Amino acid sequence: MKKSLPPNASGGKSSALHNFGVYVRQHWQLYVIFMLPAFALTIIFRYIPMGGILMAFTEYNPIRGILGSEWVGFEHFQRFLSSPDFMTYLMNTLKLSIFGLLWGFPAPILLAFLLNRIMSKKTKQRIQLILYMPNFISVIVLCGIVRILLSPTGMLNSLLGTNTNFMTMPSAFRTIYIASGIWQGAGWASIIYTAALSNASKELTEAAVIDGANIFQQIKAVEWPAIKDTVLIQFIMSVGNIMSVGFEKAYALQTDMNLATSEIISTYVYKKGLLEGDYGFSTAVGLFNTVINVVLLISMNQIVKKMNEGKGI
Amino acid sequence: MAEVQLKNIKKVYPFISGEDKKKSRKKADEPEKKKANLQITDEGVVAVQAFNLDIKDKEFIVLVGPSGCGKSTTLRMVAGLEEISDGELIIDGKVMNDVAPKDRDIAMVFQNYALYPHMTVYENMAFSLKLRKVPKDEIDRKVREAAEILDITQYLDRKPKALSGGQRQRVAIGRAIVRAPKVMLMDEPLSNLDAKLRNEMRAEIIKLRHRINTTFMYVTHDQTEAMTLGDRIVIMRDGYIQQIGTPQEVFNHPSNLFVAGFIGMPVMNFFDGKLTREGDKFFVEVGGYKVELAKEKEERLLKNNVQSQPVTLGVRPEHTDVGETGIAGKVDVAEMMGSSVHLHISAEGRDVIIIVPTIDMKKNYALGDPIHFTFGGNVAHVFSKETDKNLEF
C-alpha cells in the first residue's frame with residue numbers, strides 16, 4: 001500500500017515542495033473537487049468580464065456590441081487626461097485616499113491594542129460588539145445618519161449652538177468622509193489585528209513587565225512584532241486600493257456645494273457612464289484608475305519587501 | 001542577594017460574574033465545593049494559602065508539587081505578576097506586596113524562554129538594562145560577561161529562532177543574570193528541554209548558582225530537579241505547603257503520605273500494616289513479617305505518645321531486600337535498568353517495586369515466580385490511617 005506524506009514533511013524547502021507535489025498527485029481528485037468551483041467562479045466573474053476593457057478603446061454602442069463598435073484607440077484616455085477637470089478629480093481622489101489611509105489605517109490597530117489591554121473577557125466582548133455594529137449599517141443609511149447629524153438642525157449644530165450646514169462646505173467633506181469611515185469600519189477592521197494579537201505571548205509580556213517596560217515599551221517589544229506582518233500586508237493591500245475610493249459613499253455625501261472636493265474619479269465615471277451614457281469614456285477612466293492601483297500595489301510591495309527582510313505579499 | 005520572607009501568603013482568584021451568580025444560588029447547607037482539589041470559598045478559588053517561608057540570603061529554594069498545586073502562583077506573587085490576596089511578601093526587609101515588578105529587583109526565567117523574537121541575543125540580554133538607562137558601555141560589559149559565563153558569546157548576533165532549545169534557555173538565563181538581581185525566579189525553566197539537555201542544563205544551573213551567588217526560587221514538578229538543585233525543598237499540594245526541608249530530610253523523613261509518594265523514584269511502596277507498641281518498643285507488622293523500628297524512630301514515636309494502631313507502612317524500593325523469608329509475593333515484571341533490576345511484585349494486594357542491584361541478583365525472575373522480601377526497622381515509615389501524617393512528626 002502506498003503511504004502518503006503530509007504536505008509539510010520536513011527535510012528542507014525543496015524536499016517539502018517535492019513531498020507536497022507527491023501528496024497532490026496522490027490526492028488530485030480531492031483538489032479538483034475543492035478547487036474547481038472557485039476556479040470556475042474566478043474565470044466567469046473575474047476574467048471573462050475583463051473583455052469589457054475593450055470598451056475603453058471604442059466608441060461603445062450597445063446595439064453594435066463591444067466588437068462591432070468603432071475602434072478609437074487611446075482617444076478616451078487623451079480626452080480625460082487633457083480635460084481641465086482631470087487634475088481636480090485625480091487630486092480629490094488621491095487626497096481622500098491618502099488622508100483616509102493616514103487616519104483610517106492606524107485606527108483599527110490602536111483599537112486592537114486597546115482591546116488587548118482589557119482583562120475582563122466579558123467587558124471586552126461587549127465593547128467589541130458595540131465596535132463591530134456600525135459595520136453592518138449600509139453605506140447609504142450611514143450617509144443618511146451623517147447628513148441628519150450634520151444638518152443645520154442636527155445634533156452637532158445643537159451641541160455647538162450653531163446652524164452651519166457642514167454638508168455644503170467643501171473643506172468639511174474629507175473630514176466627514178474619513179471620520180464616518182473610521183467610525184463605521186475601524187471596529188470591524190480591528191478583528192484581524194485582535195486575532196493576530198492573541199498570538200502575542202503572555203509570558204513575553206510578563207517578561208517585559210519584569211524587565212521594566214511601560215505599556216508603550218511593552219507594545220513596542222511584544223505586541224507590535226506579533227502583528228507587524230499582518231499590518232504590512234494590510235498596508236500593501238490598502239495602498240493597492242488607494243485609487244479605488246468607493247463611489248457610493250462619496251456620491252451619497254455629495255452636494256452641489258461641496259463638489260470642489262467631493263467629485264472624485266469614481267463619481268465622475270458613474271456620472272459619465274451611467275447618467276450620460278458615455279460608456280467608452282467612463283470605461284477608459286475606470287481602467288486608468290485600475291492601472292494606477294496595480295502600479296501602486298506592485299511598487300509598495302517592493303518597497304515593503306526591501307524594508308522588511310524580504311517579507312511582503 | 002536578599003532574604004525573602006513569605007508570611008501567611010494567600011491567593012484567591014475571585015469569581016467572574018457568571019460564576020458568582022452560580023455560587024450565590026448554592027444552598028446554605030450544601031458542602032463546600034472543590035475545583036481540581038482547590039478550595040472554593042465565597043471569595044473565589046483559593047490557589048495558595050497559609051504559605052509561610054523564610055528564604056535565607058543566597059539560598060536555593062525549590063517549590064515542587066503536582067500541576068495545580070500553587071507553586072507557580074506563589075512564584076508569580078513573588079515576581080509581582082499576581083496580586084497577593086493576603087499576607088506579606090518581604091524582600092530584603094521591605095514589604096513588596098504593592099511594589100511594581102520592575103522595582104522588586106528580581107529577575108525571572110520562564111518555561112517558554114520568553115525571548116523577544118525580533119531582537120538578537122545581545123538585544124534580548126541588554127533590553128532590561130536599556131530600559132533602566134544603564135550606560136551603553138556598561139550594558140556591553142555586562143552582556144558580554146553573562147554571555148561568557150553561559151558560553152553563548154558566539155550567538156550574540158543571532159535571533160532566538162536560530163538557536164536550539166538549550167541555547168535559548170541559556171539566553172533566557174543570561175537575560176536574567178545581567179541585571180544581578182537580588183532574587184532570581186525560575187518557573188520550570190527546563191521543562192521544554194529533552195531529557196539529555198535537561199540533565200546538562202541542570203548541571204549548568206548548579207554551576208551558575210555558585211558563580212552568581214544570589215537567592216534563587218525555582219519551580220518545578222520534576223522531583224529530580226528539586227532534589228539535585230535545592231538547598232531546601234518546599235513540597236506543595238492543593239495550595240498548601242506539605243513539607244519544607246533539605247532534599248535529604250524530605251527523602252528520609254517525609255511528613256505525610258503525599259510527600260512520601262511524591263519524592264523518590266520509583267515511588268515508595270505502601271502496605272496496610274500494624275504498629276504495635278510493647279513498652280518503649282515499637283514493631284511494624286505486614287504480611288506476617290514483623291520488625292522492630294530503629295531506636296531514633298522509636299524515640300520520636302514515644303515523644304508523640306503513639307499507641308498501637310493500624311497504619312499505612314511505607315518502604316522505599318531501594319530499601320527493600322529480596323530474601324528467603326519475609327513478605328510473600330509474585331513477580332509481575334522484571335525491568336533490567338543496567339546497574340539494577342526493578343522487580344514489580346504483587347504482594348499484600350498491592351503493587352510493590354523492589355530495586356535489586358544487578359550484582360546482587362541471584363537468579364533471573366520470570367512472570368509468576370514466587371518471591372519473599374523484607375526491610376529494616378530503620379527504613380520503615382509509619383503513617384496514620386486517619387490523617388495520612390507520618391506518626392514520627
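Which residues in α2(B) are buried?

1. This note concerns a predicted model. On the opening question, B:Lys71, B:Ser72, B:Thr73, B:Thr74, B:Leu75, B:Arg76, B:Met77, B:Val78 and B:Ala79 are the buried residues of α2(B). Helix α2 of chain B runs over residues 71–79 and is mostly covered, with 9 of its 9 residues buried. Just after this helix comes B:Gly80, which has a positive phi of about 95°.

2. Chain A, overall. Its secondary structure consists of 16 helices and 2 strands. Along the principal axes, the C-alpha atoms of chain A fill a box of roughly 65 × 60 × 35 Å. The radius of gyration of chain A is 25 Å, whereas a compact globule of 313 residues would have one near 20 Å.

3. Burial and contacts in chain A. Of the 313 residues in chain A, 27% are buried. When contacts in chain A between residues at least 6 apart in sequence are considered, 63% of them join residues at least 24 apart.

4. A helix pair in chain A. Helix α6 covers residues 106–117 of chain A and helix α10 covers residues 170–197; their axes come within 7 Å and cross at roughly 55°. Because of that angle, α6(A) is oblique to α10(A). The crossing of α6(A) past α10(A) is right-handed.

5. Residues at that helix contact. As background, residues three or four places apart in an α-helix point the same way, because the helix has 3.6 residues a turn.

6. Chain B, overall. There are 10 helices and 22 strands in chain B. The C-alpha trace of chain B spans about 75 × 60 × 40 Å along its principal axes. Buried residues account for 40% of the 393 residues of chain B. Among the contacts in chain B with a separation of 6 or more, 69% are between residues 24 or more positions apart.

7. Where the chains touch. The contact draws 18 residues from chain B and 14 residues from chain A. On the side of chain B that touches chain A, β8 (106–109) and α3 (121–131) of chain B each supply at least two residues. That side of chain B has 12 nonpolar, 4 polar and 2 charged residues.

8. B:Thr276 lies in strand β13, which covers residues 269–278 of chain B. Is B:Thr276 buried or partly exposed? B:Thr276 has 16 other C-beta atoms within 10 Å and is therefore partly exposed; the count for a buried residue is 20 or more.

9. With neighbours within four places in sequence left aside, B:Thr276 is in contact with B:Phe283, B:Glu285 and B:Ser308. B:Lys290 is 14 residues from B:Thr276 in sequence, and the two are 9.7 Å apart in space, C-alpha to C-alpha.

Note on methods:
Residues are numbered from 1 along each chain as its sequence is written. Chains are lettered from A and ligands numbered from 1 in the order in which they are written. This is a predicted model: local features need pLDDT of at least 70, side-chain atom pairs count only at pLDDT 80 or more; totals for chains, interfaces and linings use all residues. Axes are lines fitted to C-alpha atoms, for helices over the stretch in contact, and angles run from 0 to 180 degrees between N-to-C directions. Helices (H or I, at least four residues) and strands (E, at least two) are DSSP runs, numbered from the N terminus. Angles under 35 degrees count as roughly parallel, over 145 as roughly antiparallel, 65 to 115 as roughly perpendicular and the rest as oblique. A crossing is left-handed if the near helix is turned anticlockwise from the far one by less than a right angle, and right-handed if clockwise. Two residues are in contact if their C-beta atoms, placed from the backbone, lie within 7 Å. Ala, Val, Leu, Ile, Met, Phe, Trp, Tyr, Cys and Pro count as nonpolar, Asp, Glu, Lys and Arg as charged, and the others, Gly among them, as polar. The radius of gyration is taken over C-alpha atoms; the globule rule is 2.2 Å times the number of residues to the power 0.38. A residue is buried if 20 or more other C-beta atoms lie within 10 Å of its own, exposed if 12 or fewer, and partly exposed in between; C-beta atoms are placed from the backbone.
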